[in-house]
Amino acid sequence: MRPLERVPSRQGFFARAVPHSPAPHSLRPSVEPANPGNLLDQIGNTPLVRLNRSADLPGVEIWLKLEFANPGGSVKDRPARNIILEGERSGRLAPGKTILDATSGNTGIGYAMIGAARGYKVKLCLPANASPERKLILRALGAELVLTDPGEGSDGAFRKVRELYAADPDAHFYADQYNNAANWEAHFQTTAPEIIRQTQGQVTHFVALLGTTGTFIGTSRRLKRDVPGVECWSAQPATPLHGVEGTKHLPASIVPGIYDPDLADGNLWIDTEDCYAMARRVAREEGLLLGISAAGNVVAARRLGERLVAEGRPGVIVTIACDGAAKYLNEGFWNDPD
Ligand SMILES: Cc1ncc(COP(=O)(O)O)c(C=O)c1O
């Protein structure tokens, strides 16, 4: 809460919250959006920042794409926008239809935000143990939530959404982010070209944790097409039961239809506790409050960087800050001892 100040008035004094002082420097994005008045055009063109103290690896740079700067607060605004626009273009989404999908939260926030702005109802299936903050945000944006068994994870939500769609296909636009090419194409069309431009083509490695796999597949396909020699590494939680919201341990999950097992140059297995420790470290050493999977991506990037150092190779590693810490601040790990 902001502090109170005493303000003189004719009746004596009254208390009011101290007004925000102006930012010391411009907070405008470095790239002007195509249409500054349109919410959808504010998605993407996110900052790319270099890690300093958390990436103490000689000859190796680690860069983080700050996707929490998107208006819905996550990387998933990109596929949500593309899936909805593609649905409209194809005629499958039209006024009066409800946007329906299974989502661990962030794509749902994107759908709910864009649905509200474009006048569509949004119905989402998600595991009941999704963070309370996500559920509050989704409901605040007017989405209807269908909560599924937490023990079944995102697969339970996926099975439920198919049931709902089968029961009334005409009323719904089933966005199906796990099988919809518009998911990975969003990253092919926007995330990867931004990375190439922001690193001036110097990116040598890309790494990302897998959820629907859209971020990894779309970004890697474009990087591999346009940047000679680039290596793209996927990462996954090391165990089926884990705390890295939004991501999947594929060997024990329904594999998304958009996944391409031949694309990655390698895969790194990530422990939840290492994500928590990295979230604490990056907060204190870089001033960046990361979500858990974003911290996991830094764990993966550092691991790649350590390999490069051991092999005596330089590198420019790029990874994704999928979302920020806001939705996880009530989780207990922030003040654990390291
Ligand atoms: C916080 C978070 N991290 C990572 C991911 C994984 O991204 P993708 O679905 O593009 O593989 C998601 C997906 O919803 C997410 O919400």
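How many of the seven residues of strand β12 (residues 315–321) are buried? Six of the seven are buried, and the strand is mostly covered. A residue is classed as buried if 20 or more other C-beta atoms lie within 10 Å of its own, as exposed if 12 or fewer do, and as partly exposed in between, with C-beta atoms placed from the backbone. The structure is a predicted model, in which local features need pLDDT of at least 70, side-chain atom pairs count only at pLDDT 80 or more, and totals for chains, interfaces and linings use all residues. Residues are numbered from 1 along each chain as its sequence is written.

The protein chain contains eight helices and twelve strands; these are DSSP runs numbered from the N terminus, helices being H or I of at least four residues and strands E of at least two. Of the 338 residues in the protein chain, 46% are buried. Contacts are defined by C-beta atoms, placed from the backbone, that lie within 7 Å. Among contacts between residues at least 6 apart in sequence, 71% join residues at least 24 apart.

Six of the seven residues of β4 are buried, so β4 is largely enclosed by the rest of the structure.

The largest nonpolar core has 84 residues, of which Ile99, Val207, Cys275, Ala279, Ala295 and Ala300 touch the most other members. Such a core is a set of buried Ala, Val, Leu, Ile, Met, Phe, Trp, Tyr and Cys residues joined through C-beta atoms within 7 Å. Helix α8 (residues 292–311) supplies the largest share of this core, eight residues. The core lies between domain 1 (39–74 + 185–335) and domain 2 (77–174), because both give residues to it. The domain bounds come from an automatic or database domain assignment. Not counting residues up to four places away in sequence, Ala300 touches Val207, Leu209, Trp233, Ala235, Leu268, Ile270 and Thr319.

Around the ligand there are 20 residues, and Gly211, Thr212, Thr215, Gly246 and Ser293 come nearest; a residue is near if its C-beta atom, placed from the backbone, lies within 6 Å. By class, this shell has four nonpolar, 13 polar and three charged residues. Ala, Val, Leu, Ile, Met, Phe, Trp, Tyr, Cys and Pro count as nonpolar, Asp, Glu, Lys and Arg as charged, and the others, Gly among them, as polar. Domain 1 and domain 2 each contribute at least three residues to the shell. Helices α2 (106–118) and α6 (214–226) each supply at least two, and the largest share, three residues, comes from α6.

Positive phi values occur in two residues other than glycine, Thr213 and Asp176. Thr213, in the loop between β9 and α6, has phi near 85° and is buried, with 28 other C-beta atoms within 10 Å. Asp176, in the loop between β8 (172–174) and α5 (181–198), has phi near 50° and is buried, with 21 other C-beta atoms within 10 Å.

Key. Two residues are in contact if their C-beta atoms, placed from the backbone, lie within 7 Å.
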